[in-house]
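This report describes one protein structure for a reader new to it. The sequence and the model come next, followed by notes on selected features.

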Amino acid sequence: MANRSSNRAAIPEAKSALDRFKYEVASEIGVPLKDYNGDLTSRQNGSVGGYMVKKMIEAQEKQMAGK
């Protein structure tokens, strides 16, 4: 069966920037991300994604408010 991951960047050129952002966020919240993350809990992995979304929404709100 083929891997049909829906985890693709809408803008492929942004992939490296999103990866850097992911590691930055993980560092901020104390999650030790590395090339293989199979030893992390679902909670740890989810916290990185959740915090990334929170920061992206905050940045967009600031931009929309003209700040």
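Is Asp 19 buried, partly exposed or exposed? Asp 19 counts as partly exposed, because its relative accessibility is 26% and the partly exposed class lies between buried, under 20% relative accessible area, and exposed, over 50% (1.4 Å probe, protein chains only).

## Basis of the model

This is a predicted model, in which local features need pLDDT of at least 70 and side-chain atom pairs count only at pLDDT 80 or more, while totals for chains, interfaces and linings use all residues. Residues are numbered from 1 along each chain as its sequence is written, and side-chain values use heavy atoms, with hydrogens and water left out.

## Salt bridges

A salt bridge here is a side-chain nitrogen of Lys or Arg within 4 Å of a carboxyl oxygen of Asp or Glu. By this rule there are five salt bridges. One of them pairs Lys 22 with Asp 19, with 3.9 Å between the closest N and O atoms. Both residues lie in helix α1, three residues apart, which is about one turn of the helix; helices are DSSP runs (H or I, at least four residues), numbered from the N terminus. Lys 22 is partly exposed, at a relative accessible area of 29%.

Another salt bridge joins the side chains of Lys 55 and Glu 28, at 3.0 Å from N to O. This pair links distant parts of the chain, since Lys 55 is in helix α2 and Glu 28 is in helix α1, 27 residues apart. Lys 55 counts as partly exposed because its relative accessibility is 21%, and Glu 28 is partly exposed with a relative accessible area of 44%. Asp 39 forms a salt bridge with Lys 34, where the closest N and O atoms are 3.1 Å apart. Lys 34 is partly exposed, with a relative accessible area of 37%.

## The largest pocket

Rolling a probe the size of a water molecule over the atoms shows where empty space is left. A pocket is an open set of points on a 1 Å grid over the protein atoms alone, where a 1.4 Å probe fits, with protein on both sides within 12 Å along at least five of seven lines; lining residues have an atom within 4 Å of a point. The largest pocket has a volume of about 280 Å³, the volume being the space filled by probe spheres set on the points.

The lining consists of Asn 7, Arg 8, Ala 9, Pro 12, Lys 15, Leu 18, Asp 19, Lys 22 and Met 52. Helix α1 (residues 15-29) provides the largest share, four residues. By type, the lining divides into four nonpolar, one polar and four charged residues. Met 52, from helix α2, counts as buried because its relative accessibility is 11%. The C-alpha atoms of Met 52 and Glu 24 are separated by 9.4 Å, and the two residues are 28 apart along the chain.

## A nonpolar surface patch

Leu 18, Val 53, Met 56 and Ile 57 form a nonpolar patch on the surface, with about 320 Å² of accessible area together. Such a patch joins nonpolar side chains within 5 Å, from residues with over 30% relative accessible area and no salt bridge. Areas come from the Shrake-Rupley method with a 1.4 Å probe.

Helix α2 (residues 42-64) gives the most to the patch, with three residues. Ile 57 is found in this helix and is partly exposed, with a relative accessible area of 45%.

## After helix α2

Gly 66 lies in the segment after α2. Gly 66 is exposed because its relative accessible area is 65%. Gly 66 and Thr 41 are 25 residues apart in sequence and 38 Å apart in space, C-alpha to C-alpha.

Definitions and conventions: Patches are made of residues with over 30% relative accessible area and no salt bridge: like charges are joined within 9 Å, nonpolar side chains (Val, Leu, Ile, Met, Phe, Trp, Tyr) within 5 Å. Helices (H or I, at least four residues) and strands (E, at least two) are DSSP runs, numbered from the N terminus. Ala, Val, Leu, Ile, Met, Phe, Trp, Tyr, Cys and Pro count as nonpolar, Asp, Glu, Lys and Arg as charged, and the others, Gly among them, as polar.
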